[in-house]
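Dear colleague,

Please find below the structure that I am handing over to you. My notes on it follow.

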Amino acid sequence: MNRLLITHCKLVTPLGRNALKGREMGNLLTVEDAFIYIEDGIIKVTGRMADVEALGLAGVCDALDAKGRVVLPGFVDSHTHLVFGGYRPDEFSWRLKGDTYMSIMERGGGIQSTVNATRVESAEQLLEKAKWFADRMIEMGVTTVEVKSGYGLDTATELKMLEVANALKQDYADRIGVAVTFLGAHAVPKEYAGRTAQYCDLIINEMLPLVKDKAEYFDIFTEKNVFEIEDSRRLLKAARDAGMKLKLHADEIVQLGGAELAAEMGAVSADHLLHVSDQGVRRMAEAGVVATLLPLTAFALKEPYAPARKMIDADGAVALATDLNPGSCFSGSIPLTIALACIYMQMSIEEVISALTINGAAAIGRADSIGSIESGKEANLVLLEFDNINMLPYYIGMNCVNTTIYKGHVIKK
Ligand code: NIG
Ligand code: FE
């Protein structure tokens with residue numbers, strides 16, 4: 001049996017096995033001078049050091065002295081596009097000169113240029129790169145990551161991307177948890193320009209039967225001039241009928257009613273929501289759809305941040321994620337995500353911690369097994385360098401993680 005005893009930590013965690021909503025998001029349990037006892041990757045007991053001797057563990061298991069540092073649940077990055085070919089630095093420089101994300105996309109750049117690159121790269125090349133990004137995430141305390149396809153937009157390349165995501169999950173099974181999402185509805189590929197309905201037919205009739213067992217989630221870029229509400233509804237219904245759980249890129253560039261559609265369809269999450277309507281905020285809260293907010297994307301696109309405060313005050317559940325991708329947001333920075341959420345989105349650090357742990361877990365349907373430090377959950381933990389959670393937003397954009405622990409094993413130290 002594999003045993004680990006973490007001693008003298010400041011344990012800080014949300015509690016529960018579901019997404020935390022509204023005010024609950026700000027309630028963290030804090031235990032000073034605590035211990036965490038782990039067996040075979042699962043948290044068995046937590047408590048105060050004063051009570052640890054009674055357990056009779058001294059000498060029978062490995063011990064890790066946290067020296068008063070904060071221990072948090074491992075971060076869950078519940079929205080990334082970390083499998084992709086090529087890079088788009090030139091587009092980034094055009095945007096700095098005033099070009100917009102959508103105008104570049106409409107000229108055949110944007111997502112389509114990554115599609116061109118992804119189609120020609122081998123699965124091995126894509127996997128090597130995905131691992132490089134996953135390693136950077138682990139250094140920042142990420143213990144679970146969601147990975148999307150969506151740069152194939154033809155059946156063979158979408159399958160190749162899912163193969164890469166599943167290979168990452170398998171090869172890194174002892175380092176990081178992976179949730180796989182099919183995003184064949186990321187854009188209308190150039191072969192189908194002006195024929196969106198036919199591309200939707202291809203997704204429904206050809207792709208869905210092949211991908212439904214290779215991905216847990218179906219995601220879609222619901223956006224003006226991409227997949228509008230009617231196309232989105234048709235695709236989401238077909239995916240739901242095929243047994244997939246649903247996610248949406250919603251109200252990212254313009255207000256289209258993506259949040260309302262997410263609520264109507266019973267999606268697990270709706271993501272981005274920079275331009276969500278008040279009605280959308282309410283409907284999502286009522287329907288229990290997790291609002292996954294991606295402040296790095298708003299920052300990179302110079303767009304207004306999503307109204308996190310309004311969502312929490314409406315008793316909604318908010319998650320935070322990075323959106324790491326080669327276009328709208330080429331960053332996977334957890335530290336900067338934390339700083340932006342606290343500085344620009346009026347979220348408290350307690351709410352941010354809930355958003356990056358238990359609510360991120362809920363956004364990928366895993367809140368019953370990860371996302372908090374409680375007995376019976378996976379021992380996915382982050383030891384900070386400091387003894388105070390307020391250091392996280394204060395040390396702006398800098399990595400505060402000392403050690404990442406995945407299923408009871410030290411991954412980064
Ligand atoms: O989450 N908006 C659509 N998808 C991504 C961007 C993908 C890209 O630019 O390559 C997003 O922002
Ligand atoms: Fe995205």
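The lining of the largest pocket comprises 8 nonpolar, 6 polar and 2 charged residues. Here Ala, Val, Leu, Ile, Met, Phe, Trp, Tyr, Cys and Pro count as nonpolar, Asp, Glu, Lys and Arg as charged, and the others, Gly among them, as polar. A pocket is found on a 1 Å grid over the protein atoms alone, as an open set of points with protein on both sides within 12 Å along at least five of seven lines, and lining residues have an atom within 4 Å of a point.

This is a predicted model, in which local features need pLDDT of at least 70 and side-chain atom pairs count only at pLDDT 80 or more, while totals for chains, interfaces and linings use all residues. Residues are numbered from 1 along each chain as its sequence is written, chains are lettered from A and ligands numbered from 1 in the order in which they are written, and side-chain values use heavy atoms, leaving out hydrogens and water.

The volume of the largest pocket is about 300 Å³, where a volume is the space filled by probe spheres set on the grid points, which are joined across faces, edges and corners. Of its 16 lining residues, M105, E106, A187, V188 and N225 are the closest to the centre. The largest share of this lining, 3 residues, comes from α2, a helix being a DSSP run (H or I, at least four residues) numbered from the N terminus.

Technical notes
On a 1 Å grid over the protein atoms alone, a cavity is a set of points where a 1.4 Å probe fits but cannot get out, and a pocket is an open set with protein on both sides within 12 Å along at least five of seven lines; lining residues have an atom within 4 Å of a point. Helices (H or I, at least four residues) and strands (E, at least two) are DSSP runs, numbered from the N terminus.
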